[in-house]
Amino acid sequence: MKILFAGGGTAGHINPALAVAGYIKEQHPDAEIFYVGTAKKLEAKLVPEKGYDFYTVDVAGFQRKLTPKNMAKNVVAARKAVTSSVEAKKILTSISPDLVVGTGGYVSGPVLRKAAQMGFKTAIHEQNAFPGVTTKMLAPKVSRVMLAMPEAEKYLTCKNPPIITGNPVRKELFGITRQEARARLGFDDRPVILSFGGSLGARRINEAVTDLIRWHNGSEKFYHIHAAGETGYPVMMQALEDTPLSPMIDVREYIRDMDVCMAAADLVICRAGAITLSELCCCGKPSILIPSPYVAENHQYHNAMTLKKAGAAELLEEKELSGQTLIDQVSRLIENKPTLESMSRQAEKHAIQDANRRIYRVLMELYTEA
């Protein structure tokens, strides 16, 4: 069995593909896994580390805002759309895969489109509540459409009815209890806040969390773990240099024990990426979501609204974000145990913990079709 994955640009597109590929290899050790991405994005590093054969195509996205600079970029993108289709055909002919699976990003477009034209069995997986342009374009062409969130269906026209699978979630998040996590961190039963913005950090979140830390520093009412990111950490620590931090506050560059910190947390403050929200739901964590306004089609806002409407999260848009607005949200929630418990239950109702198995089942059914 040969399976070709295509997806890239961000970890949100790459990690689901790698998670499913790993699950398939567990079930079928002799399966051959191939991956198509771009040479300069994150997949060029992550995929070879997993030992999969990695191919590249040169592709670029079209700019919707028509400035002179963007129009020039669109000319380049149009040229690459033609050449990437040719490159994709060469790769598909060389491998002759049994299945071609796309997980999003611009690179999925030419590979899945050409695969469908050539008669290969094709499937796409959409991680977000609001589908990306690539998914919208491919949905009418591919054999199967898999969705992480049912809200995405109304934006798509599909050849066959879409299938709800959820997003793959890291196994290690299920390996530790709240009590074990707190013991490992040396915490007692007081509430725990966990906050982060991303591996590189998020400036506006770091600024607001800095004010939040100043507000509760020394109160000894609750613990707080914050990841400021690679670029944000030195800036944040400089901003806090006149504030002797309580031992209950832990500001880090990066959280390397997310399974422990997530299990211990009573309230999580973070962005609204699709995989992050799936992890919050699977762990049953109440959250204050601050969607990134810098992502395509504002899809993080739509992701966040699914949990906001369900009563599992509070939504704080970045245009409204300040130290005070964050403090107001935290102060209303952190010691309100009934509200946190209700939010936790609602998050758990949206959890799909067996997404890998669901996606695998869809792909195997497609593989065995005549």
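This is a predicted model: local features need pLDDT of at least 70, side-chain atom pairs count only at pLDDT 80 or more; totals for chains, interfaces and linings use all residues.
The phi angle of Ser96 is near 55°, which is a positive value in a residue other than glycine.

Glu220 likewise has a positive phi, near 65°, and is not a glycine. Glu220 belongs to the loop between α7 (203–216) and β9 (223–227), and with a relative accessibility of 35% Glu220 counts as partly exposed.

## Confidence and conventions

The average pLDDT of the protein chain is 90, and 92% of the residues score at least 70, pLDDT being the predictor's confidence in each residue on a scale from 0 to 100. Over residues 74–78, however, the pLDDT is below 50, and in the model this stretch has eight contacts beyond near neighbours in sequence, a contact meaning heavy atoms within 4.5 Å.

Residues are numbered from 1 along each chain as its sequence is written, and side-chain values use heavy atoms, leaving out hydrogens and water. Local features need a pLDDT of at least 70 and side-chain atom pairs count only at 80 or more, while totals for chains, interfaces and linings use all residues.

## A buried strand residue

Thr122 is placed in strand β5, which covers residues 122–126, and with a relative accessible area of 1% Thr122 is buried. Once its neighbours within four places in sequence are left aside, Thr122 is in contact with Val100, Leu112, Ala115 and Ala116, with Lys141, Val142, Ser143 and Arg144, and with Leu366.

## Cysteines

The structure holds zero disulfides, a disulfide being a pair of cysteine sulfur atoms within 2.5 Å. For Cys270, which is in no disulfide, the nearest cysteine sulfur is that of Cys281, 11 Å away, and Cys270 counts as buried at 0% relative accessibility. Cys283 is also in no disulfide, and the nearest cysteine sulfur to Cys283 belongs to Cys282, at 6.7 Å.

On a 1 Å grid over the protein atoms alone, a cavity is a set of points where a 1.4 Å probe fits but cannot get out, a pocket is an open set with protein on both sides within 12 Å along at least five of seven lines, and lining residues have an atom within 4 Å of a point. One cavity of 30 Å³ or more is present, and the largest cavity has a volume of about 40 Å³, the space filled by probe spheres set on points joined across faces, edges and corners. The largest cavity is lined by Phe5, Pro16, Ala17, Val20, Val101, Thr103, His125, Met146 and Ile359, with helix α1 (residues 11–27) giving the largest share, three residues.

The second largest pocket holds about 520 Å³ of space. Its lining has 24 residues, of which Arg178, Ala265, Asp266, Lys285 and Ser344 lie nearest the centre. Two or more lining residues come from each of α9 (258–264), α10 (274–283) and α13 (337–349), and α13 gives the most, with five residues.

Note on methods. Helices (H or I, at least four residues) and strands (E, at least two) are DSSP runs, numbered from the N terminus. Buried means under 20% relative accessible area, exposed over 50%, partly exposed in between (1.4 Å probe, protein chains only).
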